[in-house]
Every structure is written in structure tokens, then in C-alpha cells.
Number of protein chains: 2
Amino acid sequence: MNSEFDFIDHIKSKYDLSKIGDDCAVIPKDKKHDFVITTDLLVEDIDFRRSWMIPKFLGHKSLAVSLSDIAAMGGKPKFAMLSVGIPEDIWKTNFLEEFYSGWHKLAKKFKVELIGGDVSKTPDKIVIDSIVFGEVTRNKAVMRSTANVGDQIFVTGKLGGAALGLKYLEEKTEGFDSLKKLQLKPNPRIYEGQFLSKIATSMIDISDGLSSDLLHICRASEVGAKLFFDKIPTYLNEFPQNLSSKIQTSNYIFDGGEDFELLFTVNSKNILDKKLTNFHHIGELTQNTGNIELIRDSKSTVLLPKGYQHF
Amino acid sequence: MNSEFDFIDHIKSKYDLSKIGDDCAVIPKDKKHDFVITTDLLVEDIDFRRSWMIPKFLGHKSLAVSLSDIAAMGGKPKFAMLSVGIPEDIWKTNFLEEFYSGWHKLAKKFKVELIGGDVSKTPDKIVIDSIVFGEVTRNKAVMRSTANVGDQIFVTGKLGGAALGLKYLEEKTEGFDSLKKLQLKPNPRIYEGQFLSKIATSMIDISDGLSSDLLHICRASEVGAKLFFDKIPTYLNEFPQNLSSKIQTSNYIFDGGEDFELLFTVNSKNILDKKLTNFHHIGELTQNTGNIELIRDSKSTVLLPKGYQHF
């Protein structure tokens with residue numbers, strides 16, 4: 001098995017699991033609505049380190065990553081559950097109190113109610129599983145699999161900042177607080193997702209990285225893509241000199257992940273729709289199934305998926 | 001904070017979280033149904049050890065513990081999600097393949113569909129979060145908080161076996177396979193739960209231990225309880241000689257946990273109902289709020305909650 005994505009594909013096919021493979025699972029609720037549901041595991045020393053993690057922000061981020069999945073389906077978040085595993089030494093601090101306070105501040109903003117969870121001891125690492133339920137109009141959840149050749153590709157905001165913030169946190173570099181905050185306290189695009197659900201032909205959140213997440217859309221929709229480098233909004237001007245070579249900045253912009261912006265496609269006849277004026281038009285879908293072409297300085301290269309993967 | 005139960009009470013009160021505090025959260029689905037939803041975290045070296053864990057059985061148990069929560073609400077399980085965190089060395093084995101095969105065998109039995117999840121790397125320990133959604137008739141989920149003084153207490157099966165099985169697994173004692181299986185591959189009482197939902201005034205699954213789980217009902221319903229030792233079904237005859245003192249066997253029967261039998265109460269006018277003939281009548285609810293009295297050899301003692309707690 002090459003990666004966790006291959007494993008998920010394998011399980012999906014082996015057990016005929018049709019609801020797996022998007023940002024959220026969609027299950028029928030009532031005559032007018034579906035539920036969209038997601039779960040995200042956050043593990044100490046994989047997703048964050050105790051040395052730079054701030055408990056309140058970790059609470060915020062635990063909810064934000066799942067809200068971002070709800071946003072990517074065009075959903076309205078409603079309920080959440082939290083499973084939290086912590087070692088004995090953390091139990092004795094005010095970690096959980098702070099963690100829940102950060103969680104609730106964001107929950108209140110989006111009117112999400114905590115309805116359950118689990119609290120467990122772990123031998124030594126903090127682990128959090130965040131589960132969020134949202135609602136969408138029946139059969140109107142925006143999937144990854146419904147884009148078409150010729151659709152135009154958009155993104156809701158600038159890329160590469162969270163990955164750059166992570167680099168500064170890991171290196172314990174002073175300053176760069178705005179970039180660090182993008183990593184520590186991301187902003188889920190809930191309102192944008194609901195708004196875009198009326199026009200997007202497909203949508204995903206950028207959690208692994210643009211290169212990998214766009215490929216998820218391409219594979220699910222059986223299309224290819226062409227991206228125009230100059231049109232991609234980035235934190236390039238905030239990149240330090242020693243990182244400014246083409247290859248290194250590309251890593252952050254295309255493969256950095258955790259931007260939690262929404263990547264979406266629109267039928268080309270709608271690209272002048274005023275709904276889209278706040279977003280960035282970065283490319284288009286092609287017939288070159290499963291391949292992403294990058295146009296930069298008038299040259300075309302193949303963009304390989306190098307976004308975050310665990311295995 | 002004394003225990004995780006105190007912490008959950010604290011969070012519930014601080015943020016006014018009315019849906020927290022039962023085996024499952026209940027949320028409205030449609031005109032005729034509610035959803036009941038639960039999440040359970042299983043952590044290596046807390047809930048199981050790699051030395052005696054069998055991947056297929058761990059898959060089974062991950063689902064079984066959550067199904068048991070659905071059973072305790074009288075629910076019919078429908079959908080599930082799984083977040084699995086594993087270290088690199090386990091990724092390279094057939095652990096996940098075996099784990100999912102055990103999970104699916106049980107899922108198929110109860111017609112549960114896997115609709116999503118997460119796969120993550122961890123630094124060194126296996127961690128699993130199991131989420132299950134079930135359905136109940138609108139406003140008919142069986143709660144912990146709805147029992148009354150005078151109701152009669154029942155349990156669906158024998159207690160103490162899973163804890164005794166754990167002892168043999170931990171001590172690497174040969175044999176005792178049927179007891180070890182109670183620990184490794186518990187049987188969730190789904191059909192019993194649905195059946196009992198028509199007659200039970202309250203219900204909980206015995207996951208922490210009879211003493212603690214009965215106290216959860218007593219506190220939620222603001223009642224007390226009286227138990228008759230001779231009426232409690234146990235694995236006493238399978239207990240080894242050196243454990244057979246009163247105190248030690250009590251630990252297993254009252255505080256062992258993980259029996260995953262259902263503990264429920266019934267209005268005393270219904271105790272001759274033929275629905276109850278397969279179950280064990282072990283006591284009754286009293287006015288002595290928050291206290292459990294144990295009658296053994298004609299003597300009365302107070303039964304303190306000594307079931308499993310993490311902190």
C-alpha cells in the first residue's frame with residue numbers, strides 16, 4: 001500500500017462503500033435536508049507539538065479543520081462531538097479547560113452545539129478526534145466528483161501561509177505572528193462554502209496542499225487541470241530571501257497544506273457572476289485526465305501531487 | 001477535577017450543553033425518527049496491549065463498544081465512521097487489513113455502513129475513534145434520567161467475565177479462552193436494546209462496571225438503588241480458587257467493566273411481562289438518592305462506585 005489514500009480506495013472498493021471519498025459523508029436527514037458529516041484526527045508530534053501548541057488555539061483548530069470539511073460541501077454546521085485523549089501530566093494542568101474554551105469560542109461563532117464525546121487517558125501523547133455534523137439542502141451537497149472538462153478553477157484565498165507559519169514555529173523563529181496564526185488558528189470558510197454551493201460544480205478544502213487536493217477533484221471527476229502560476233494568490237511577499245528560489249516557494253504554495261481555503265470549479269459560462277468577484281480564478285479543467293499542468297513563465301510543466309500524506 | 005466524569009459535568013454546566021450525558025446524544029432526524037450518536041476512543045496500552053491484541057478482534061471491539069451505546073438507547077444502528085491512528089511500523093504490516101475485516105464482519109451482522117473516517121500516523125501507539133449513528137422512533141430513545149423510585153433493576157447477562165478475561169490476558173495465563181473472548185470480542189446487545197426500549201424506564205450499558213454504571217442512572221434519575229447479591233448473574237464459577245474471597249470477586253463483578261450487558265429498569269407493575277423472562281432481576285430503585293445498597297448474606301452494605309475511570 002503506497003499511501004493512506006490508496007488504502008482508503010482499497011477499503012472503499014473491497015467493501016463497496018459508496019459514501020466514502022469526499023470531504024464529508026452525505027446521509028439523508030428528512031425530505032428537505034441531508035446531513036454532511038466529517039471526522040478528523042489530530043495527533044501530537046504529527047499535527048502539532050506541545051512546545052509551540054497553545055491549548056486555546058488547539059481547541060479552535062480541532063473544530064476549524066472539521067468545519068472546513070463542512071464548508072467544502074456547502075454545509076451549515078449544526079452539531080459536534082469531541083474525543084480527547086490526554087496523558088496524566090496534561091490532565092493535571094488547565095489544558096482541557098483552555099482547549100474547550102478555544103473550541104467553544106469558534107463553535108459559538110458558527111452556532112455549533114457540542115452533543116457528545118469521550119475523554120480518555122493516553123500513555124504519553126495528546127490525541128483529538130473532532131466530529132462535525134452539518135446540514136445541506138437535499139441532494140445539493142457539493143461533491144468532488146461532479147466537475148466537468150472546461151470548468152474554471154477558483155480558490156477562496158492566499159496559499160502557503162500556514163506551511164510557512166509552521167516552519168517558523170518549528171524553527172522557533174521570533175516574529176511572523178500573522179503567518180504563525182494561519183497555522184495555529186485557521187479560519188474555516190463556512191460562509192463562503194454556503195454561498196458557493198449555489199454556483200460551484202465541485203469543491204474541496206485545501207488541507208493537504210493545492211497539488212494533492214486539486215488531484216482529488218481531477219480523479220473523482222475524471223478530468224485534468226491547467227493552473228496559471230501568476231494567477232495563484234500566495235504569501236510569496238512574506239517569504240524570506242533564502243526561501244525565494246522557485247523550487248522552494250513552490251513547495252509551500254502547492255504542497256504546504258493546511259491553508260483551509262476552498263478550491264472549487266465553476267461552469268465557464270458563469271465566471272463573470274458577481275458572486276465570484278472576491279475569489280481568485282487560477283486555472284481550468286482539461287481532458288488530460290488525472291494530470292495537472294502548470295503554466296509558469298510561458299512554460300508548461302507537470303505538477304505532481306506532493307501535498308501532505310502520512311504514509 | 002476528580003475524574004473525567006466530573007470534568008464532563010463541569011463542561012456540560014459551564015457551556016449549557018443539554019445533549020451531553022447519556023450513552024448517546026439524541027438529535028432530531030425527521031418527523032418520525034431521532035438520530036442517536038456515540039463516539040468511543042480506544043488507545044493502545046490503556047484499552048488494549050499489542051502483545052495480546054488480535055487485529056481482527058480489535059476491529060470487532062471498536063465497533064462493538066459503540067454499538068453497545070446505541071443498544072443502550074434502544075437504537076437501530078445505521079452508519080459508522082472510523083478514525084484510525086497508527087505508527088509507521090504497524091502501517092507496514094497487515095494490521096489495518098485485518099482490523100477492517102473484523103470491523104466489517106460485525107458491521108454486516110447489524111447492517112451498519114461505514115461512511116467515512118480518517119487515517120493518520122501516530123508517533124508510537126495505535127489509537128482508534130469509533131463513531132456510530134443509530135435511529136430511534138422520535139422521542140423514544142431510552143435515557144438514563146427517566147427512572148423512578150420503585151422501578152425494578154434488571155441486567156441482560158452475566159457480569160465479571162470480561163474483567164477476568166483481561167486478567168488472564170495480562171498475566172499471559174494459558175487457556176480460559178471463553179473468558180478471554182468476552183474481553184477481546186464482546187457482543188453488543190443490539191436486539192435486546194431494541195426489544196427493551198418498549199418496556200425500560202431507563203437503560204445504560206455496563207462499560208465501566210455495575211457499581212459505576214448503576215450510579216450513573218441513580219444520579220441522572222435522582223434515585224437510589226438496592227441490589228441483591230444472590231440475584232446478580234456472574235461468572236463466579238469460573239473464578240479461580242485464589243480469587244474466590246468475597247472482596248476480590250466483588251471487584252470483578254461490580255467494578256470490572258466491559259461486560260457490555262445492558263442494565264435497565266422497569267416499572268414494578270411490568271415485572272411479570274414475558275419480554276423480561278430472559279433477563280435477570282437484580283434489585284430495585286429506592287428513595288435513597290445517589291446511594292446503592294447491597295444486600296448479601298442478609299447484611300446491607302453501601303456499594304461504592306469503583307468502576308473504571310481514567311483519571
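I began with A:Lys125, which forms a salt bridge with A:Asp45, their closest N and O atoms being 2.9 Å apart; by salt bridge I mean a side-chain nitrogen of Lys or Arg within 4 Å of a carboxyl oxygen of Asp or Glu. The two residues are 80 apart in the chain, A:Lys125 in the loop between β4 (113-121) and β5 (127-137) of chain A and A:Asp45 in the loop between β2 (33-43) and α2 (55-72) of chain A; helices (H or I, at least four residues) and strands (E, at least two) are DSSP runs, numbered from the N terminus.

I note that this is a predicted model, in which local features need pLDDT of at least 70 and side-chain atom pairs count only at pLDDT 80 or more, whereas totals for chains, interfaces and linings use all residues. Residues are numbered from 1 along each chain as its sequence is written, chains are lettered from A and ligands numbered from 1 in the order in which they are written, and side-chain values use heavy atoms, with hydrogens and water left out.

**Accessibility of the charged pairs**

I looked up A:Lys125 and found it partly exposed, because its relative accessible area is 22%, where buried means under 20%, exposed over 50% and partly exposed in between (1.4 Å probe, protein chains only). A:Asp45 also counts as partly exposed, at 28%.

B:Asp34 is buried at 5% relative accessibility, while B:Arg138 is partly exposed at 33%.

I then checked B:Arg189, whose salt bridge with B:Glu192 has its closest N and O atoms 3.5 Å apart. Salt bridges that share partners also join A:Asp45, A:Arg49, A:Lys125 and A:Glu170 into one network. Over all chains, the count comes to 36 salt bridges.

**Strand β9 of chain A**

How many of the five residues of strand β9 (residues 262-266) of chain A are buried? I found five of the five, so the strand is largely enclosed by the rest of the structure. A:Leu262, A:Phe264 and A:Val266 point one way from β9(A), and A:Leu263 and A:Thr265 point the other way.

Strand β6 (residues 152-155) of chain A runs antiparallel to β9(A) and is joined to it by four bridges; two strands pair if DSSP finds at least two bridges between them. Strand β7 (residues 200-205) of chain A pairs with β9(A) in the antiparallel sense over five bridges. I noted A:Ile153 opposite A:Thr265 and A:Ala200 opposite A:Val266.

**Contact between the chains**

I recorded 62 residues from chain B and 62 residues from chain A in the contact, which means heavy atoms within 4.5 Å. The area buried between the chains is about 5,200 Å², of which carbon and sulfur atoms give 71%; buried area is the accessible area (1.4 Å probe) that two parts lose on being put together, summed over both. B:Leu41, B:Trp91 and B:Phe311 supply 14% of the area that chain B buries against chain A, more than any other three residues.

Between chain B and chain A I counted four salt bridges, and A:Glu97 and B:Lys14 meet in a salt bridge through their side chains at 2.6 Å, N to O.
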